[in-house]
Amino acid sequence: MGVPLELRQKIEKVAKEFFDQPMEEKRKVKRDELNPMGYHDGEHTKNVRDWKEVFDFLVVDPTLIPASDDPDDKELRVLTNQWPHKPSELRELCQEYTRQVEKLAFKLLELISLSLGLPADRLNGYFKDQISFARFNHYPLCPAPHLALGVGRHKDGGALTILSQDDVGGLQIGRRSDGEWIPVKPIPDAFIINIGNCMQVWSNDLYWSAEHRVVVNSQRERLSIPFFFFPSHYVDIKPLDELINEQNPAKYKEFNWGKFFASRNRSDYKKREGENIQIDHFKASE
Ligand SMILES: O=C(O)CCC(=O)C(=O)O
Ligand SMILES: [Fe+2]
């Protein structure tokens, strides 16, 4: 149940070719405030600009998400993919890649359910209208790496992230006990699996969403391809009933996934005042 190695090699190659094009070409699929899919060269994590450029594409096209993070706003927004003409094989490779990685994502979801003592398909229904997407991350050479980050510290929002990275390195994970940054060594042809916020909440902290960040360097540019496995927008996320009882009460209050996503996406897009929303906002009070 793996993703064919040849497909991974092909998608890495085509991602590099895409970023190697002149800015003029990449801007043709630039994302904007209404459509967050496509090319972007100035993401913000927690309001700090990242040293990278990205290309985002949905697994399901079109995908519906809430139009805003306002809980009273029932309006939905349609997201669609923006495919560049060049490289010409990019679109088909991206579609084949997400098909294959999605299978792996469901397999992992089922294994995690089993590991929690639940039926294998316990979580599958939450992904009926999944809003998953994949991303090419390109981290260019940075002349002053100590002054920048590829991606600032954050936790992934969804259920799982399936991350493919090249051999350059730069991903670091915050150790849970003391927060020390530990480099994640690239292992050839292996995926890195991140637990996201939704899984942490469903499992009532049995699974932990690790904080991570990406450092950059002045020697070699880097490419990574995360697949963000995200539930349907209308799913309300809370600790699973089967996992809580009087001795082990729910550690989180229920929250709506689509609204959480909309609020994170908004604050990722433009610098705005204050911190963006974190899972700790939904911690149940003791
Ligand atoms: O580039 C990486 O290794 C990780 C990127 C990341 O954390 C993200 O896109 O959420
Ligand atoms: Fe991440």
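A nonpolar core is a set of buried Ala, Val, Leu, Ile, Met, Phe, Trp, Tyr and Cys residues joined through side-chain atoms within 4.5 Å; buried means under 20% relative accessible area with a 1.4 Å probe, protein chains only. The model on your screen is predicted, so local features need pLDDT of at least 70 and side-chain atom pairs count only at pLDDT 80 or more, while totals for chains, interfaces and linings use all residues. Residues are numbered from 1 along each chain as its sequence is written, and side-chain values use heavy atoms, with hydrogens and water left out.

**First stop: the core**

Start by selecting Phe-55, Phe-136 and Trp-202, the residues with the most contacts inside the largest nonpolar core, which has 62 residues. Next, colour the elements that each supply at least two residues of this core, among them α1 (5-19), β4 (53-58), α3 (90-115) and β14 (222-229). Helices (H or I, at least four residues) and strands (E, at least two) are DSSP runs, numbered from the N terminus. Helix α3 gives the most to this core, with eleven residues.

A second, separate core of nine residues includes Tyr-139, Cys-142, Val-151 and Val-214.

**Second stop: the rings**

The whole structure holds 25 aromatic pairs. Rings of Phe, Tyr and Trp (its six-membered ring) pair if their centres lie within 6.5 Å, with planes under 30 degrees apart counted as stacked, over 60 as edge-to-face and the rest as tilted. Select Phe-106 and Phe-127: their centres are 6.1 Å apart and their planes at 75°, so this pair is edge-to-face. Phe-106 sits in helix α3 and Phe-127 in the loop between α3 and β7, 21 residues apart. Both Phe-106 and Phe-127 are buried.

Then try Phe-227 and Phe-229, a tilted pair at 6.2 Å centre to centre with 35° between the planes.

**Last stop: the cavity**

Which residues line the largest cavity? Show Tyr-139, Pro-140, Gly-169, Val-215, Val-216, Asn-217, Arg-220, Glu-221 and Arg-222. A cavity is a set of points on a 1 Å grid over the protein atoms alone where a 1.4 Å probe fits but cannot get out, and lining residues have an atom within 4 Å of a point. Its volume is about 40 Å³.

Notes:
Chains are lettered from A and ligands numbered from 1 in the order in which they are written. On a 1 Å grid over the protein atoms alone, a cavity is a set of points where a 1.4 Å probe fits but cannot get out, and a pocket is an open set with protein on both sides within 12 Å along at least five of seven lines; lining residues have an atom within 4 Å of a point. Grid points are joined across faces, edges and corners, and a volume is the space filled by probe spheres set on the points. Buried means under 20% relative accessible area, exposed over 50%, partly exposed in between (1.4 Å probe, protein chains only).
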